[in-house]
Amino acid sequence: MRKDTPKISSISGKEIATMSAYGYKDYTILKKVLKILGWCVVISVAIMLYLSIFVIFIYSINSNKSVNEFGEVTLKWYKEIWTHRMLRTSIINTFAVSLVATLLSTIFGTLIAIGIYSAAKKKQKWMMLLNNIPLLNADIVTGISLMLIFSLLLRIFPYIFGFPTLIIAHVYFTLPYVILNVLPKLREMDPNLIDAALDLGVKPKKAIWKVVVPAVKSGILSGVLMAFTMSFDDFVISYFTTGNGFDNLSIWIYGSIGRKDLTPAVYAFNSLVIFGAMAILLSVNAVRRKNLKRSRKS
Amino acid sequence: MKKVLIELNNLSKEFDGVNVVNHIDLSIYENEFLTILGPSGCGKTTTLRMIAGFVKPDDGEIIINDKVVNELEPYARPVNTVFQRYALFPHLNVIKNVSFGLDNKDWMSLYHFFDGDEILSQIRQAKQDMQAKVSKREIKKYIQSRIEEEAKRVLKLVKLEGFENRKVDQLSGGQQQRVALARALINRPQILLLDEPMAALDLKLRQDMQYELKEMQRKLGITFIFITHDQEEAMTMSDRIVVMNEGVIQQLGTPKDIYNEPVNRFVANFIGESNIMRGVYQTTNRVAFMNQEFECIGYHFSNQEEVDVVIRPEDWDVVPLEKAKLRGTVTSSIFKGVYYEICAMVEQMEMVIHAYEDVSVGATIGLSVDPYEIHLMKVEKYE
Amino acid sequence: MNKRFQKLATPYLIWLYILALFPAVFMFGLMFFNMEGIDTDEISFTFENFKQLAEPSTRIALLNSLKFSVLSTALCILLGYITAYFLYKSHIQNKFLVLTILILPMWSNLLLRTQALANIMEPNNIFTSLFHIQVKEDAVGIAGGDLAVIIGSVFTYLPFMILPIYTALEKIDPMLEEASLDLGSNEFTTFRRVTLPLSLKGVVTGSVMVFLPCMSGFAIPEILGKGNIVMIGNIIEQFFKNMNYNIGSLLAIVILILILASIALVNKFDKDGETVL
């Protein structure tokens with residue numbers, strides 16, 4: 001064993017304690033190495049998540065229609081978004097479905113969350129278990145399940161496939177996100193809040209709107225965000241539940257990939273969405289930070 | 001002379017430009033019950049966390065056993081902590097929480113903990129062959145059995161026998177605190193840090209626990225550094241009290257010293273109730289306040305120097321008017337159990353008096369005070 | 001909370017019974033029949049459908065699905081845990097920002113992303129063109145192979161692993177790690193004995209969230225596998241496309257059993273559903 005000469009502190013002139021004197025190894029170097037390796041992984045993960053988006057962006061400014069050859073930088077595909085009829089229709093359809101579904105999910109999800117929160121423990125557990133099904137179920141099974149239900153309804157409502165079925169399907173799989181975001185906020189809320197409001201003579205409906213909703217609005221906001229994201233990005237469930245030539249973007253892209261006639265305008269649209277989302281999310285973040293700082297100061 | 005165990009040497013810590021701990025010096029002795037007392041934000045918790053090793057000091061040194069431990073990782077320090085909200089491991093049961101420290105120590109540290117030679121001779125004795133080779137596996141097995149014994153012993157010490165397999169979330173607040181205590185004590189630390197461990201307990205339980213803690217400290221001979229903002233708690237348990245405010249040590253002394261002879265307004269106000277007024281030191285053993293001259297004992301100031309005069313409520317005597325030095329009009333009188341808390345206006349100042357007999361509101365009472373009950377403090381310049 | 005509001009949840013219960021539970025029962029029934037679509041004109045009771053399970057194509061697809069999803073999930077656990085852990089340890093203290101970074105890629109269409117990945121796995125791709133890199137004539141890309149499908153799944157589903165683990169880590173009281181260090185465990189032991197066990201529920205939730213879509217998806221194997229790799233999702237899709245709902249349902253039920261097992265698993269580890277989001 002190597003005998004170290006003890007280091008002496010410069011301030012008090014006393015000996016500096018070593019790890020080995022207490023039976024511990026000094027892991028300082030190992031810790032540093034692991035830290036560097038860890039951050040390498042984090043950076044590669046960031047690259048993994050954003051590589052395809054970057055590639056799509058390059059396609060969107062590529063004058064060459066081929067995805068393997070770069071011509072020159074152009075913005076013509078960004079113009080074509082508005083002129084390509086099929087693409088435009090599918091974009092409008094996508095937004096229509098996602099916006100309507102998110103709106104419905106937000107309203108009903110918040111009310112349902114309040115309902116679950118007020119229910120007895122046992123019922124709560126059962127509902128949370130069921131609530132996990134749309135969330136964890138494989139898209140293909142969800143899609144098929146809904147399609148089967150809608151097929152049964154076909155005899156009563158012959159034109160149901162299309163916009164109505166897509167809305168029902170999207171509400172179905174986005175509701176759990178809203179509920180799971182709102183519920184924890186309800187649990188954090190002062191349980192006497194609503195009783196206090198009712199005690200003061202506020203009607204129950206008004207109490208929800210005036211007392212509960214403001215208390216859980218951050219949960220609702222993140223619920224909206226997740227619901228819209230999931231709805232906007234969905235392919236499989238929409239694929240099984242649409243009909244009557246009602247294509248949303250995913251379905252239209254799937255068809256185009258199959259036919260190998262994908263227009264680069266769709267890359268342009270995709271990049272626009274990413275830039276828009278980035279701008280929205282970053283500004284929301286900036287506002288949140290400002291609020292946080294203000295509340296910390298006061 | 002008692003042996004110094006920890007020395008804080010010019011210790012400082014800054015957070016966001018605020019000197020949370022501002023160049024403090026403190027020596028803590030072996031086998032001592034020391035309490036750091038102060039309002040929240042006074043720097044007491046930061047001081048504790050620096051001793052434990054969770055916060056690195058910006059300046060100064062922490063010396064334990066004559067060695068500078070500034071750079072020593074928390075796990076290597078001979079210090080254990082009982083956390084404010086106990087921080088018990090929710091995924092482990094009671095016995096596993098208690099033995100956690102020994103279960104997870106580095107091998108060499110554990111070997112020394114149970115005294116290596118002792119282990120070898122014990123195993124050899126069991127084999128009845130004092131020259132036998134001992135494998136690492138045998139040592140591990142032996143240590144494992146010792147850990148189990150230790151855990152049971154410590155649980156008994158904190159009176160939690162029979163709770164071994166309970167989950168920690170099934171325990172009451174008091175029981176959780178005992179587990180936290182046992183978990184720290186099993187490591188046989190030289191120093192036990194307690195960060196407001198009783199804050200979450202109700203009054204009765206807290207009083208029982210204060211007594212038990214004091215007993216335990218005496219029995220085990222460990223240095224306890226106890227943090228609290230509750231002056232009564234500090235008075236009950238401590239050998240010495242450090243009063244801290246704004247990152248600076250205001251006063252260090254035995255509970256009695258601090259109570260009877262506070263060095264400044266902050267300490268006088270923080271420890272117990274007191275009436276503080278401005279006075280002038282006249283000549284030796286004479287002080288004037290409230291337009292009267294009083295006799296005092298044991299203070300040395302220069303003549304005509306301004307001083308702060310402290311008189312504790314229980315030191316005022318209510319006397320017949322003709323014997324009184326001061327007169328006051330009673331504004332309120334509240335029965336507090338053993339005594340009445342009387343508020344009276346004396347020379348335009350509100351005075352708090354503890355008396356054993358009731359007086360009616362509006363009455364005029366006479367007050368006097370014994371010379372040795374008058375306490376004088378130097379006036380602090382910044383006030 | 002006031003009990004009067006609990007009736008607000010009742011319609012949802014009915015909704016879930018109709019849309020989540022009933023179809024499962026319906027599919028279970030369909031397994032035993034033979035018909036055209038859901039046309040009941042020529043319906044007949046049969047056990048013939050179960051023969052499909054013994055078909056080599058089904059077996060291969062099932063094994064493929066299992067193999068690829070287990071491998072992808074394992075990779076996601078490794079990468080996702082490290083990422084979540086370092087994000088947590090970096091004290092960014094801004095969950096919203098972390099969430100933003102992880103969710104943002106999902107705003108880009110899944111199929112386009114997959115297609116883009118498939119393209120750059122070719123020997124001649126946009127980057128070689130952009131940087132004028134000469135590619136050998138006989139160079140082969142990884143597109144169409146096993147590796148391509150695994151990479152595609154990992155790149156796509158990684159956020160679903162990172163998020164629950166990060167959430168689980170964030171819920172751990174930082175005092176617990178301090179307590180462990182204080183009691184004499186070094187950083188590695190502390191991680192192994194405190195942090196890891198307490199974040200395990202995030203790992204379980206994340207694994208299910210990655211495993212299930214990997215197992216049942218059909219777009220990624222189709223685009224990245226270029227038809228060379230058939231997974232169970234592709235077969236199910238084919239059967240439904242060809243209006244054979246009976247065999248389709250049978251195979252869907254196989255997946256459903258796996259899913260129910262997963263939900264039970266998540267429920268066991270994370271009773272309050274803290275990490276499901």
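In this predicted model, 76 residues of chain C are in contact with 75 residues of chain A, two residues being in contact if their C-beta atoms, placed from the backbone, lie within 7 Å. On the chain C side of this contact, 52 residues are nonpolar, 18 polar and six charged; Ala, Val, Leu, Ile, Met, Phe, Trp, Tyr, Cys and Pro count as nonpolar, Asp, Glu, Lys and Arg as charged, and the others, Gly among them, as polar. Residues are numbered from 1 along each chain as its sequence is written, and chains are lettered from A and ligands numbered from 1 in the order in which they are written. Local features need pLDDT of at least 70 and side-chain atom pairs count only at pLDDT 80 or more, whereas totals for chains, interfaces and linings use all residues.

Chain A also touches chain B, in a contact that takes twelve residues from chain A and 16 residues from chain B. The chain A side of it has six nonpolar, three polar and three charged residues. Strand β1 of chain A (residues 15-16) pairs in the parallel sense with strand β5 of chain B (residues 67-68) over two bridges. Strands (E, at least two residues) and helices (H or I, at least four) are DSSP runs numbered from the N terminus, and two strands pair if DSSP finds at least two bridges between them. In β5(B), B:Val68 stands opposite A:Ile16.

Within chain A, helices α6 (residues 163-188) and α9 (residues 217-233) have axes that come within 8 Å and cross at roughly 155°. Axes are lines fitted to C-alpha atoms, for helices over the stretch in contact, with angles from 0 to 180 degrees between N-to-C directions. The angle therefore makes α6(A) roughly antiparallel to α9(A), a term for angles over 145 degrees. Among the residues that make the contact are A:Phe173 and A:Tyr177 of α6(A) and A:Met226 and A:Met230 of α9(A). By class, this contact has nine nonpolar, eight polar and one charged residues.

Chain B holds an open sheet of five strands in the order β13-β12-β11-β14-β20, with antiparallel pairing. Its edge strands, β13 (292-295) and β20 (375-378), each pair on one side only. Neighbouring strands are turned by 40° against each other on average, direction ignored. Strand β12 (residues 286-289) of chain B pairs with β13(B) over four bridges, in the antiparallel sense, and B:Val287 has B:Phe294 as its bridge partner in β13(B).

Definitions and conventions. Angles under 35 degrees count as roughly parallel, over 145 as roughly antiparallel, 65 to 115 as roughly perpendicular and the rest as oblique.
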